[in-house]
Amino acid sequence: MSGAGRILVVDDDPGIGELLVSALGFAGFEVSAVTGVPAALTAISGGRVDALVLDVMLPGLDGFELVQLLRSRGDDLPVLFLTARDAVEDRVRGLRLGADDYVTKPFSVVEVVARLEALLRRARPGEQSATLRVADLELNEEVHSVTRGGVPIRLSPTEFRLLHYLLLNSGRVVSKAQILQHVWQYDFGGDSGVVERFVSNLRRKVDDGREPLIHTVRGFGYSIRVSG
């Protein structure tokens with residue numbers, strides 16, 4: 001997904017703002033940055049924003065209050081929170097108020113890009129196909145089917161969700177923490193071994209006797225892609 005949207009970064013740290021403007025711009029987004037809620041509201045009111053990258057801790061009104069204000073007036077603008085690494089309560093509170101996703105500081109720019117792309121895909125369902133494909137592997141969300149080379153593959157509901165998440169991020173590396181959050185809806189404090197077991201099961205069903213599509217990137221996570 002390139003040139004996919006107009007992103008507003010709201011962070012009172014100019015260094016972070018400049019980093020995200022540069023990195024997201026390089027990834028194909030149209031990006032601007034402001035340092036507080038009043039300026040953010042002005043930009044949003046101008047109708048030139050497709051998604052927010054929003055710091056929790058801001059001077060005056062904070063990120064929580066901005067999300068609460070947007071949702072109270074019926075604005076479903078996608079919001080990606082930036083939170084402190086250990087502030088679990090911040091992440092829970094933000095999601096309950098209506099934020100769509102979060103990344104923790106210090107963050108990976110690659111992860112921010114991937115999460116923004118996923119948010120914008122979900123925000124524009126009319127632009128999506130019900131079928132996700134990598135090589136000869138196909139997953140159809142509407143009929144809940146998976147095939148490889150036209151041969152049906154039977155997956156459990158959790159295996160289906162896991163494959164769906166990998167395909168949504170095809171070509172990218174997703175961590176165990178990301179998989180736990182998006183497939184099982186809990187944080188990395190849970191048993192990461194469950195991810196390894198389900199990836200192993202999925203690889204056995206999808207890749208057995210075929211060109212491998214599910215890859216382990218040691219020290220980082222997993223990726224679904226064509227070899228090479």
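This is a predicted model: local features need pLDDT of at least 70, side-chain atom pairs count only at pLDDT 80 or more; totals for chains, interfaces and linings use all residues.
Helices α3 and α4 (residues 88-97) pack at an angle of about 15°, and their axes are 9 Å apart. That makes α3 roughly parallel to α4, where angles under 35 degrees count as roughly parallel, over 145 as roughly antiparallel, 65 to 115 as roughly perpendicular and the rest as oblique. The axes here are lines fitted to C-alpha atoms, for helices over the stretch in contact, and the angles run from 0 to 180 degrees between N-to-C directions. Helices themselves (H or I, at least four residues) and strands (E, at least two) are DSSP runs, numbered from the N terminus.

Residues are numbered from 1 along each chain as its sequence is written, and side-chain values use heavy atoms, with hydrogens and water left out.

Back to the first pair. α3 passes α4 in a left-handed crossing; a crossing gets that label if the near helix is turned anticlockwise from the far one by less than a right angle, and is right-handed if clockwise. Who touches whom? On the α3 side you'll find F64, V67, Q68 and R71, and they meet D90, R93, G94 and L97 in α4. Contact means heavy atoms within 4.5 Å. Sorted by class, this contact of α3 with α4 has 3 nonpolar, 2 polar and 3 charged residues. For that sorting, Ala, Val, Leu, Ile, Met, Phe, Trp, Tyr, Cys and Pro count as nonpolar, Asp, Glu, Lys and Arg as charged, and the others, Gly among them, as polar.

**More helix pairs**

Two packed helices are described by the angle between their axes and the distance between the axes. Here are those values, pair by pair:

| Helix pair | Angle | Axis distance |
|---|---|---|
| α2 (residues 37-45) and α3 (residues 63-72) | about 30° | 11 Å |
| α3 and α4 (residues 88-97) | about 15° | 9 Å |
| α6 (residues 157-168) and α8 (residues 193-207) | roughly 85° | within 10 Å |

Take α2 and α3, with their angle of about 30°. That makes α2 roughly parallel to α3, and the crossing of these helices is right-handed. The contact is built from V37, A40, L41 and I44 of α2 together with L66, L69 and L70 of α3. Its residues divide into 7 nonpolar, no polar and no charged.

Now for α6 and α8, whose axes cross at roughly 85°. That makes α6 roughly perpendicular to α8. T158, E159, L162, L163 and L166 come from α6, while α8 brings F198, V199, N201, L202 and K205. By class, the α6 contact with α8 has 6 nonpolar, 2 polar and 2 charged residues.

**Strand β3**

Let's look at D55, which sits in strand β3 (residues 51-55). An unreviewed UniProt entry annotates D55 as "modified residue: 4-aspartylphosphate"; such annotations may be inferred rather than shown by experiment. Is D55 buried or exposed? D55 is buried, with a relative accessible area of 6%. Buried means under 20% relative accessible area, exposed means over 50%, and partly exposed is in between (1.4 Å probe, protein chains only). Not counting residues up to four places away in sequence, D55 touches V10, D11, D12, G63, F81, L82 and K105.

V53 is found in strand β3 too. At 0% relative accessibility, V53 counts as buried. Leaving out residues up to four places away in sequence, V53 touches I7, L8, V9, V10, L20, L24, L80, L82 and L116. V53 and D101 are 48 residues apart along the chain, and their C-alpha atoms are separated by 9.7 Å.

K105, a contact of D55, is joined to P106 by a cis peptide bond, with omega about -5°. P106 lies in the loop between β5 (101-105) and α5 (109-123).

Two other loops hold residues with a positive phi. A135 has a phi near 55°, though it is a residue other than glycine. H144 isn't a glycine either, but its phi is about 60°. H144 lies in the loop between β7 and β8 (145-148).

**The whole protein**

Zooming out, the secondary structure comes to 8 helices and 11 strands. Buried residues make up 46% of the 228 residues in the protein. Among contacts between residues at least 6 apart in sequence, 57% join residues at least 24 apart.
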